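Here's a short tour for anyone meeting this structure for the first time. Have a look at it first, and then we'll go through a few spots.

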Amino acid sequence: MQIEFSESERSTVGIEWEIALVDGATGDLVQIADEVLRELGTPDGREHPQITHELLLNTVELVSRVHRTVPAAVADLQELIGLVREVTDPLGVELLCAGTHPFAQWYDQKVTPNERYDRLLDRTQWWGRQMMIWGVHVHVGVDERDKALPIVNGLLSYYPHLQALSASSPYWAGAATGYASNRALMFQQLPTAGLPWQFGSWANYEEYVQDLVTTGVVTDHSEVRWDIRPSPKWGTVEMRACDGLSTTDEVGAVAALIHCLTDRMSGDLDEGVEPVTLQPWFVRENKWRAARYGLDAEIIVAPDGSERLVSESLRELVDELQPTAERLGCEEELRGVLRILDGGASYQRQLAVAAANGGSLQAVVSSLTHELRSGLTR
């Protein structure tokens, strides 16, 4: 099987942001995506090209255009949020983004009518119906196909940094899970989700997809739902590891970190320098540690097994990437990583709100909707 990798300008960037729809009075999820999308659609009945459906009818997805800088992509998303609010505000519906909803029940959620989703749920059954989760996906343009998989492999070394920084799912169906990101461990239950295989060549990737198609696991490569994957249709590497982020500032910070890391690796490959990679068993352990402990995780940072506190490693990484951020025009957004470290990641803020309000998860939802509306995280 040959999989064509589209031409893409190096280090262009696009962001996908999944947004939950919640009742402004109760904080519970509402199933009105079809109504929202109908109001925002084109005159000929099609969906808005940048505001689309997702698996569940409690969600709309905002998709930025292709940009050269993270600030431009974030500004694009802010405009889309404004359009959605023109429809949802009169309905008394608030917008929320986190890795999971603190108290909603998965069995109450309605699925978007769609052949692709129907096929997924028919195969995955109980686990597929549990996917009441939200994330942020960041695409970065890669100008040569044969760079894509080395960059995917290299980004796995920074998986725990991104997972810990974005962690926003400490609750599931009303229960405190003890995890910073319950979403990370939920999503990997789907058969082609989770960590990617570390392939050495594009031909290895094509053979893998062919095997899955031959055995009926997928119908095409787009159904390989890895946490980090090549996206041949767009000519990008797509980072899908991040929990949903509750403010545009946080989206900008995480996107800037991904943008800078990917561009630095792309440039290194042009110079013949391969990204440093970790053993797959270290990568898997790092994912679990970041999901469990968030910014308090001690992670494995080198092939020799040396370890660092992820928050300390993130601070050093921001300093290292400063020249790259200046060149890419996202210096302020990259500094947002430090603001998250200083002010607390979303999972930490959610736990603090619950503790200050007698354990009320409605208060947590109220805090999350306020953060998205106001941009304030503390």
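Let's begin with Gln-125. With a relative accessible area of 47%, Gln-125 is partly exposed, a label that sits between buried (under 20% relative accessible area) and exposed (over 50%), using a 1.4 Å probe and protein chains only. Gln-125 isn't a glycine, yet it has a positive phi of about 50°. You'll find Gln-125 in helix H3, residues 115–129; helices here are DSSP runs of H or I with at least four residues, strands are runs of E with at least two, and both are numbered from the N terminus.

Ala-173 is another non-glycine with a positive phi, this time about 55°. Look for Ala-173 in the loop between strand E6 (171–172) and strand E7 (175–176). Ala-173 counts as partly exposed too, at 22% relative accessibility.

## Where this comes from

This is a predicted model, so local features need pLDDT of at least 70 and side-chain atom pairs count only at pLDDT 80 or more, while totals for chains, interfaces and linings use all residues. Residues are numbered from 1 along each chain as its sequence is written, and side-chain values use heavy atoms, with hydrogens and water left out.

## The nonpolar cores

In soluble globular proteins, nonpolar side chains tend to be buried together. A nonpolar core is a set of buried Ala, Val, Leu, Ile, Met, Phe, Trp, Tyr and Cys residues joined through side-chain atoms within 4.5 Å. The largest one here has 95 residues, and among those touching the most other members are Trp-17, Leu-62, Leu-257 and Val-337. Helix H8 (residues 248–270) gives the most to this core, with eleven residues. Apart from that core lies another, of 29 residues, including Ala-20 and Leu-121.

What does Val-337 touch, leaving aside its neighbours within four places in sequence? Val-337 is in contact (heavy atoms within 4.5 Å) with Leu-165, Ala-253, Leu-257, Leu-314 and Val-318.

## The cavity

There's one cavity of 30 Å³ or more. Its lining includes Tyr-159, Arg-183, Asp-227 and Lys-287. Helix H6 (182–187) and strand E9 (236–243) each give two or more residues to that lining, with H6 giving the most, three residues.

Conventions: On a 1 Å grid over the protein atoms alone, a cavity is a set of points where a 1.4 Å probe fits but cannot get out, and a pocket is an open set with protein on both sides within 12 Å along at least five of seven lines; lining residues have an atom within 4 Å of a point. Grid points are joined across faces, edges and corners, and a volume is the space filled by probe spheres set on the points.
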